[in-house]
Amino acid sequence: MLFNLLPLVIIVILLLVAMVKVLAEYERAVVFRLGRIIGAKGPGLIIIIPVIDRFVRVPLRLVTLDVPSQDVITKDNVSVKVNAVIYFRVLDPVKAIIEVEDYLFATSQLAQTTLRSVCGSVELDDLLTHRDEVNSRIQAILDEQTDPWGIKVSNVEVKHIDLPQEMQRAMAQQAEAERERRAKVIRAEAEFQAADRLAQAAEIIGRHPSALQLRYLQTLTELSGEGKTATIIPLPLGDIMGLFGKGKTGE
């Protein structure tokens with residue numbers, strides 16, 4: 001009798017294996033019964049009726065999608081290569097299976113076309129300096145387009161912008177010219193401030209002649225510092241020549 005029951009036991013075990021499925025916490029099973037959707041099941045233990053039911057596993061974890069490098073012509077007619085990375089997750093597994101054939105492939109293709117469209121509508125300077133705004137625009141467009149698929153695009157980051165060699169040299173020359181301009185402006189500002197201070201000092205010395213004598217003595221002190229073998233004494237030649245001139249006039 002046991003030998004006769006063995007085939008039945010094997011059949012029951014095979015049916016249990018086919019019927020019982022275990023889904024992880026981050027997975028859902030979209031179940032079709034006789035071709036009609038009956039909803040999403042999981043996580044944990046679910047029962048599938050063999051032959052009658054068919055299910056598709058859908059992961060709900062955050063997906064990182066790398067967008068290949070795209071050839072883009074910016075608004076100011078500069079050819080660049082741009083790539084990006086997209087972060088999204090499936091919020092509604094039923095829509096992700098029913099509304100689109102392959103949501104990963106569809107999202108990738110939509111991301112590539114959106115990246116070319118958005119980057120082509122801005123100038124190169126905006127693409128380089130206002131990258132956050134470009135990322136936000138791409139993310140908003142993708143999120144709106146993928147919402148009917150049950151997908152939420154949480155973030156988009158433009159990773160790399162590859163510029164032509166000619167444009168890199170031109171930008172380097174522009175940066176060098178900008179630094180030189182700033183250096184000249186700083187030097188001119190320093191000269192202006194120094195001249196302004198000298199003019200103020202001349203006015204003070206003009207009002208107080210004794211200040212010139214004090215400055216003269218301070219200069220002598222600086223010239224006769226430690227370790228110097230010679231002392232240089234500056235003479236006011238203008239005053240000396242003026243004395244000589246007065247003497248000749250007196251004669």
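Biologist: Which helix has the lowest mean pLDDT among the elements of the protein chain?
Modeller: This is a predicted model, so confidence comes before detail. The chain averages a pLDDT of 84, and 84% of the residues score at least 70. Among the elements, helix H2 (residues 93-98) has the highest mean, 95. Where pLDDT is low, the predicted coordinates should not be read in detail. The lowest mean, 56, belongs to residues 237-250, helix H8.

Biologist: Is threonine 107 buried or exposed?
Modeller: Threonine 107 lies in helix H3, residues 103-120. Buried means under 20% relative accessible area. Threonine 107 has 1% relative accessibility, so it counts as buried.

Biologist: Which residues is threonine 107 in contact with, leaving aside its neighbours within four places in sequence?
Modeller: Contact here means heavy atoms within 4.5 Å. With sequence neighbours within four places left aside, the contacts of threonine 107 are Leu65, Phe88, Thr146, Trp149 and Ile151.

Biologist: How many bridges join strand E6 to strand E7?
Modeller: E6 covers residues 63-73 and E7 residues 79-90. They form a hairpin with five residues between them. The two strands run antiparallel, and the bridges joining them number nine.

Biologist: Which residue in the turn of that hairpin has a positive phi?
Modeller: The turn belongs to the hairpin of E6 and E7. Its positive phi is about 60°, and the residue is asparagine 77.

Biologist: What stands opposite glutamine 70 in E7?
Modeller: E7 runs antiparallel to E6. Opposite glutamine 70 stands valine 82.

Biologist: In what order do the three strands of the open sheet lie?
Modeller: The pairing is antiparallel. Strands E3 (36-41) and E5 (53-59) are the edge strands, each pairing on one side only. The twist averages 25° from one strand to the next. The order is E3-E2-E5.

Biologist: At what distance from the ring centre does arginine 61 lie over the face of tyrosine 26?
Modeller: A charge counts as over a ring within 6 Å of the ring centre and within 35 degrees of the ring normal. The charged end of arginine 54 sits over the ring of phenylalanine 32, 4.8 Å from its centre. For arginine 61 over tyrosine 26, the distance is 3.8 Å.

Biologist: How many aromatic pairs are there?
Modeller: Ring centres must lie within 6.5 Å to pair. By this rule the count of aromatic pairs is zero.

Methods
Residues numbered from 1 in each chain as written. Predicted model: local features only at pLDDT ≥ 70, side-chain atom pairs only at ≥ 80, totals over all residues. Heavy atoms only, no water. Helix = DSSP H or I, 4+ residues; strand = E, 2+ residues; numbered from the N terminus. Buried < 20%, exposed > 50% of the residue type's maximum accessible area, 1.4 Å probe, protein only. pLDDT = per-residue confidence, 0-100. Pairing = 2+ DSSP bridges. Phe/Tyr/Trp six-rings, centres within 6.5 Å; stacked < 30°, edge-to-face > 60°. Axes fitted to C-alpha atoms, helices over the stretch in contact; angles between N-to-C directions.
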